[in-house]
Amino acid sequence: MKIYDVGIIGCTGMVGQRFVTLLEHHPWFRLTALAASSRSAGNTYGEAVASRWALDTPLPASAAALIVLDADADAERLAAQVDFCFCAVDMKKEEIQALEEKYAKLECPIVSNNSAHRWTEDVPMVVPEINADHLEIIKAQRKRLGTKRGFIAVKSNCSLQSYVPALHPLRKYGLEQALVCTYQAISGAGKTFERWPEMVDNVIPFIGGEEEKSEREPLKLWGHIEDGKIVNATVPSITAQCFRVACQDGHMAAVFMKFKDGAAPSMEQIQSDWAAFRGPAQELALPSAPKQFLHYFQEENRPQTRLDRNLEHGMAVSIGRLRPDTQYDYKFVCLSHNTLRGAAGGAVLLAELLCAKGYI
């Protein structure tokens with residue numbers, strides 16, 4: 001397998017730090033370049049994050065020694081020395097869109113953790129187990145951008161990774177409606193309890209933009225390609241409420257689902273479908289792919305965030321408490337690790353898929 005030289009744009013934030021740790025021993029990807037804002041540029045990475053390292057995993061020595069580039073001013077230099085870049089910058093939406101297109105037009109593929117391009121019609125937003133076929137839209141995107149190698153691919157919102165994979169194999173039964181309440185960890189806001197003491201012993205019933213993403217983004221994942229753009233699915237209709245809770249890592253969701261009249265499968269069939277579900281990530285044996293994507297717990301008190309968020313290196317989804325509901329057909333709870341499966345790990349898995357499929 002070819003070894004790919006990889007850069008990280010936006011390397012100093014929490015997701016950028018996750019990328020750094022995930023690439024330390026990656027069998028396909030070698031971290032060779034780091035970029036951030038002009039404030040960090042010119043320093044070693046170790047100097048840039050000295051007081052901001054937020055992970056339990058130690059800062060890799062090889063990354064600490066790299067000189068941080070200016071993400072904008074040094075774009076040509078960075079693009080010339082890597083095969084592709086991950087992007088996790090903290091900027092205004094319009095600035096992120098411009099920066100990512102700048103790199104794509106420099107023939108540097110971008111695998112983005114950002115939300116800025118999720119609604120660009122020819123940018124694939126991919127969960128590798130669910131809609132790998134959307135990568136075909138890259139051909140149309142390259143035509144629009146005038147590139148041969150460069151393109152942008154994005155991963156979906158972190159909270160979707162808990163409940164969308166669980167709903168996906170059940171759509172064949174005529175899934176019509178879903179009500180979702182998410183309980184999201186503070187690392188989703190790039191915070192630790194030390195930096196955000198207001199979250200200790202607290203729940204905040206609002207996360208800006210999160211409910212709209214939770215309701216709309218799944219429909220793009222379940223959409224189809226038509227005339228050079230991705231056309232969203234129309235069902236199921238989803239309504240969501242999103243809460244920030246006093247938990248460091250792990251997004252949990254309570255899900256209620258309704259099927260077409262008379263079409264609801266049995267609980268045994270649902271659990272069987274979850275156990276059997278595999279996607280291209282598993283079929284291709286991608287390095288970051290969980291062997292078992294969806295895990296169902298029979299215990300009434302599982303999944304639990306502290307016990308189960310790191311299942312299969314944080315790349316699996318945990319499900320439990322499937323039972324009939326008085327207003328919907330069924331309800332259940334589910335959990336995913338938001339900075340691994342939901343953010344950096346999901347983007348690494350997407351990059352692996354892009355490489356395996358020949359797009360990078």
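Author: We can, keeping in mind that this is a predicted model. The expected span of a helix is 1.5 Å times one less than its number of residues. Helix H5, which runs over residues 93-105, has 13 residues and should therefore span 18 Å, and since its end C-alpha atoms are 18 Å apart, the two values agree.

Reader: Which residues of H5 are buried, and what do they pack against?

Author: As a general idea, an α-helix has 3.6 residues a turn, so residues three or four places apart point the same way. In H5 the buried residues are Ile96, Leu99, Glu100, Glu101, Tyr103 and Ala104. They pack against several elements, including strand E1 (4-9), helix H4 (75-80) and helix H6 (138-145). Just after H5 comes Glu107, whose phi is positive, at about 65 degrees.

Reader: How many residues does the largest nonpolar core have, and which of them have the most contacts inside it?

Author: In soluble globular proteins, nonpolar side chains tend to be buried together. Here the largest nonpolar core has 56 residues, and those with the most contacts inside it are Ile9, Met257 and Phe332. Helix H7 (residues 160-167) gives the most to this core, contributing five residues. If we set aside residues up to four places away in sequence, Met257 touches, among others, Leu167, Ala178, Ile270, Tyr328 and Phe332. Apart from this core lies another one, of 46 residues, among them Leu135, Ile138, Leu353 and Cys355.

Reader: In what order do the strands of the open sheet run, and which are the edge strands?

Author: The open sheet of seven strands has the order E8-E11-E7-E12-E15-E14-E13, and its pairing is mixed. Its edge strands, each pairing on one side only, are E8 (203-204) and E13 (294-297). Within the sheet, strand E7 (residues 175-184) and strand E11 (residues 237-245) pair in the parallel sense over eight bridges, and Ala178 stands opposite Ile238 in E11. Helix H8 (residues 210-221) packs on the sheet, where it touches E7 and E11, and its direction makes about 145 degrees with that of E11.

Reader: How many aromatic pairs are there, and how should I read one of them?

Author: The count comes to 12 aromatic pairs. One of them joins Phe256 and Tyr328, and it is tilted, with 6.0 Å centre to centre and 55 degrees between the planes. Phe256 lies in strand E12 (residues 251-259) and Tyr328 in the loop between strands E14 (317-324) and E15 (330-336), so the pair ties together parts that are 72 residues apart in sequence.

Reader: What kind of pair do the rings of Trp274 and Phe332 form?

Author: Planes over 60 degrees apart count as edge-to-face. The planes of Trp274 and Phe332 stand at 65 degrees, with the ring centres 5.2 Å apart, so this pair is edge-to-face. Because Trp274 lies in helix H9 (residues 267-276) and Phe332 in strand E15, the pair ties together parts that are 58 residues apart in sequence. Both Trp274 and Phe332 are buried.

Methods. Residues numbered from 1 in each chain as written. Predicted model: local features only at pLDDT ≥ 70, side-chain atom pairs only at ≥ 80, totals over all residues. Heavy atoms only, no water. Helix = DSSP H or I, 4+ residues; strand = E, 2+ residues; numbered from the N terminus. Buried < 20%, exposed > 50% of the residue type's maximum accessible area, 1.4 Å probe, protein only. Contact = heavy atoms within 4.5 Å. Core = buried A, V, L, I, M, F, W, Y, C linked by side-chain atoms within 4.5 Å. Pairing = 2+ DSSP bridges. Axes fitted to C-alpha atoms, helices over the stretch in contact; angles between N-to-C directions. Phe/Tyr/Trp six-rings, centres within 6.5 Å; stacked < 30°, edge-to-face > 60°.
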